[in-house]
Each structure stands twice: as C-alpha cells, then as structure tokens.
Number of protein chains: 2
Amino acid sequence: MSELEEYRRQIDGIDTELAALFCRRMELVEKIALCKRKAGLPTFDPAREESMKKRLCASFERADLLPYYREFLTTLLSLSKDYQKEPEGKA
Amino acid sequence: MSELEEYRRQIDGIDTELAALFCRRMELVEKIALCKRKAGLPTFDPAREESMKKRLCASFERADLLPYYREFLTTLLSLSKDYQKEPEGKA
C-alpha cells in the first residue's frame with residue numbers, strides 16, 4: 001500500500017469514529033433537551049456553552065490548528081442547538 | 001449525580017474524543033497534502049470527496065439525524081481543504 005493510501009485508510013477510520021461519536025452526541029443532546037423541558041428550564045445555557053468552549057480550546061493539542069478546531073466546535077454546537085429547537089417528537 | 005449532570009458528563013467525554021480525532025485527522029490531511037505535492041498531484045480530489053460522503057452518509061446510523069450529520073461532514077471537509085491550501089511550512 002502506498003503512503004497516500006495508508007493515510008487515506010487512517011482518515012476513513014477516523015471518519016467512521018467521528019460519525020459514531022456525532023450520532024451519540026446528538027442522542028445525548030436530545031436527552032438533555034427532554035430533561036430540561038420536563039424541568040421547565042430553557043434548553044440553551046450560554047454559560048455552559050462558554051465553559052465547554054474554554055475547556056476544549058485550552059486543552060487542544062496543536063495551537064496552529066486551533067482556528068480550524070474553533071470553527072469545527074462552533075458548527076458542532078450550532079447543530080446541537082438547532083436540533084434542540086426541533087418540536088416535540090424529537091427532543 | 002442528576003440525570004442532566006450524567007448526560008453532560010458523557011457529552012464532555014465525547015467532546016474530548018472529538019477534539020483528539022479532529023487533531024489526528026488534520027495531521028493526516030497535512031501528510032496527504034505533502035505526499036501529493038511531492039508527486040505533483042492536485043491536493044483536492046473531488047471524486048474521493050464524493051465517495052467519502054456517500055460511504056459515510058450511507059452507513060450513518062440514524063436517518064433523522066442525517067441532515068445534521070451532512071452539515072457536520074461538510075464543515076469537516078471544508079476545513080480540511082482550507083488547511084491543505086495553506087502555504088508551505090504547513091503542508
């Protein structure tokens with residue numbers, strides 16, 4: 001296998017893991033939204049989001065990749081918020 | 001620990017895993033870009049991107065979450081392309 005093929009094989013493995021983690025994360029987001037609705041709490045918690053971002057960015061391994069990671073994280077959190085806004089039946 | 005706290009703890013664990021996978025993926029993207037430049041190949045390969053998307057979306061576990069996953073994947077691939085475009089020093 002060429003070097004390029006080997007790297008692509010590794011990327012494919014990572015992408016499969018990312019898809020499974022994304023799915024599990026959205027299922028948890030759904031459960032959290034349900035919990036909050038039952039408790040009459042707002043689904044979006046800006047303080048929690050801010051502290052998550054800070055923790056994740058502070059421990060991110062490569063400073064030069066941080067701008068890319070920030071965008072990745074922003075998309076992830078934005079998709080979670082969109083999903084939490086879906087009407088009943090979902091969360 | 002309340003149900004909500006337990007779900008949040010699980011999300012935090014997933015987010016830590018996602019950050020590590022994102023970092024490893026970008027490192028591979030960098031290596032692939034270097035390989036291709038050495039071989040005089042273009043860094044972006046639309047056919048490979050299309051087949052990756054098809055494979056990942058076809059095997060995605062929850063059909064109702066697929067529109068969210070598509071957006072997540074689009075961002076991931078777009079960030080990878082942006083990184084591959086960086087001048088030497090990077091890839």
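**Close-up views of a predicted two-chain model**

View 1. The model is predicted.

**View 2. Chain B is laid on chain A by a turn of 180°.** The shift along the axis is 0.0 Å, and the RMSD is 0.0 Å. The two copies are therefore related as by a two-fold rotation axis. In chain B, the C-alpha nearest this axis belongs to B:Leu18, at 3.3 Å.

**View 3. Helix 3 of chain A packs against helix 3 of chain B.** Each helix covers residues 66-84, and the two axes come within 10 Å. They cross at roughly 170°. Angles over 145 degrees count as roughly antiparallel, so helix 3 of chain A and helix 3 of chain B are roughly antiparallel to each other.

**View 4. Residues in the contact between the two copies of helix 3.** Chain A brings A:Tyr68, A:Glu71, A:Phe72, A:Thr75, A:Leu76, A:Leu79 and A:Tyr83. Chain B brings B:Tyr68, B:Glu71, B:Phe72, B:Thr75, B:Leu76, B:Leu79 and B:Tyr83. By class, the contact residues are 10 nonpolar, 2 polar and 2 charged. An α-helix has 3.6 residues a turn, so residues three or four places apart point the same way.

**View 5. Helix 2 of chain B lies largely in the open.** Helix 2 of chain B runs over residues 46-58. Of its 13 residues, the number buried is 0, so the helix is largely in the open. At 1.5 Å a residue, helix 2 should span 18 Å. Its end C-alpha atoms are 18 Å apart, which agrees.

Key
Residues are numbered from 1 along each chain as its sequence is written. Chains are lettered from A and ligands numbered from 1 in the order in which they are written. This is a predicted model: local features need pLDDT of at least 70, side-chain atom pairs count only at pLDDT 80 or more; totals for chains, interfaces and linings use all residues. Helices (H or I, at least four residues) and strands (E, at least two) are DSSP runs, numbered from the N terminus. The expected span of a helix is 1.5 Å times one less than its number of residues. A residue is buried if 20 or more other C-beta atoms lie within 10 Å of its own, exposed if 12 or fewer, and partly exposed in between; C-beta atoms are placed from the backbone. Copies are superposed by least squares on the C-alpha atoms of residues with pLDDT of at least 70 in both. Axes are lines fitted to C-alpha atoms, for helices over the stretch in contact, and angles run from 0 to 180 degrees between N-to-C directions. Angles under 35 degrees count as roughly parallel, over 145 as roughly antiparallel, 65 to 115 as roughly perpendicular and the rest as oblique. Two residues are in contact if their C-beta atoms, placed from the backbone, lie within 7 Å. Ala, Val, Leu, Ile, Met, Phe, Trp, Tyr, Cys and Pro count as nonpolar, Asp, Glu, Lys and Arg as charged, and the others, Gly among them, as polar.
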